[in-house]
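Good morning, and thank you for joining.

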Amino acid sequence: VLIALVITWDDPPAILDKMLIFLVQWGALGAGATFAIWGIGYQLNLWGEHNSGELVSSAFDTIMPKLAILTGIVILFGVYLRIRNR
């Protein structure tokens, strides 16, 4: 319903469209930065409880931080290209 409202909105200078695009771009930029910062901080043991003496580690401790870093970098690069080509 909201998408249909935005598409059919009678807004000649397209102010609403520009505001929504601005919010989505900067929101995605913030999300990418958050993913990357969280992943890097978790890898560097800046936060969270880490027990190096564990014999078995969970997927959260091994895969998730690396996936967050990769996802954050991909999002940041995508938003950078979108803003640069605009």
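I shall take the fold first, then a helix pair, then selected residues.

Please note that this is a predicted model, in which local features need pLDDT of at least 70, side-chain atom pairs count only at pLDDT 80 or more, and totals for chains, interfaces and linings use all residues. Residues are numbered from 1 along each chain as its sequence is written, and side-chain values use heavy atoms, with hydrogens and water left out.

The protein has four helices and zero strands, where helices (H or I, at least four residues) and strands (E, at least two) are DSSP runs numbered from the N terminus. Along the sequence the pattern reads α-α-α-α. Of the 86 residues in the protein, 13% are buried; buried means under 20% relative accessible area, exposed over 50%, and partly exposed in between, with a 1.4 Å probe and protein chains only. Taking contacts between residues at least 6 apart in sequence, 66% join residues at least 24 apart, a contact being heavy atoms within 4.5 Å.

How do helices α2 and α4 pack? Their axes are 7 Å apart, at an angle of about 150°. Axes here are lines fitted to C-alpha atoms, for helices over the stretch in contact, and angles run from 0 to 180 degrees between N-to-C directions. The angle makes α2 roughly antiparallel to α4, because angles over 145 degrees count as roughly antiparallel, under 35 as roughly parallel, 65 to 115 as roughly perpendicular and the rest as oblique.

Helix α2, residues 15–43, contains Gln-25. Is Gln-25 buried or exposed? Gln-25 is buried, at 8% relative accessible area. Leaving aside residues up to four places away in sequence, Gln-25 touches Val-79, Arg-82, Ile-83 and Arg-86.

I turn now to the rings. There are two aromatic pairs; rings of Phe, Tyr and Trp (its six-membered ring) pair if their centres lie within 6.5 Å, with planes under 30 degrees apart counted as stacked, over 60 as edge-to-face and the rest as tilted. Phe-22 and Trp-26 form a tilted pair, 6.1 Å centre to centre with 55° between the planes. These two residues are four apart in helix α2, so about one helical turn separates them. Phe-22 is partly exposed at 48% relative accessibility, and Trp-26 is partly exposed at 43%.

Trp-38 and Tyr-42 have ring centres 5.2 Å apart and planes at 25°, so this pair is stacked. Trp-38 and Tyr-42 are also four residues apart in helix α2, and therefore about one helical turn apart. Tyr-42 is buried at 8% relative accessibility, whereas Trp-38 is partly exposed at 28%.

Which residues does Trp-38 touch, not counting those up to four places away in sequence? They are Trp-47, Phe-60, Met-64, Pro-65 and Ala-68. Finally, Trp-38 and Gly-72 are 34 residues apart in sequence, yet 9.2 Å apart in space, C-alpha to C-alpha.
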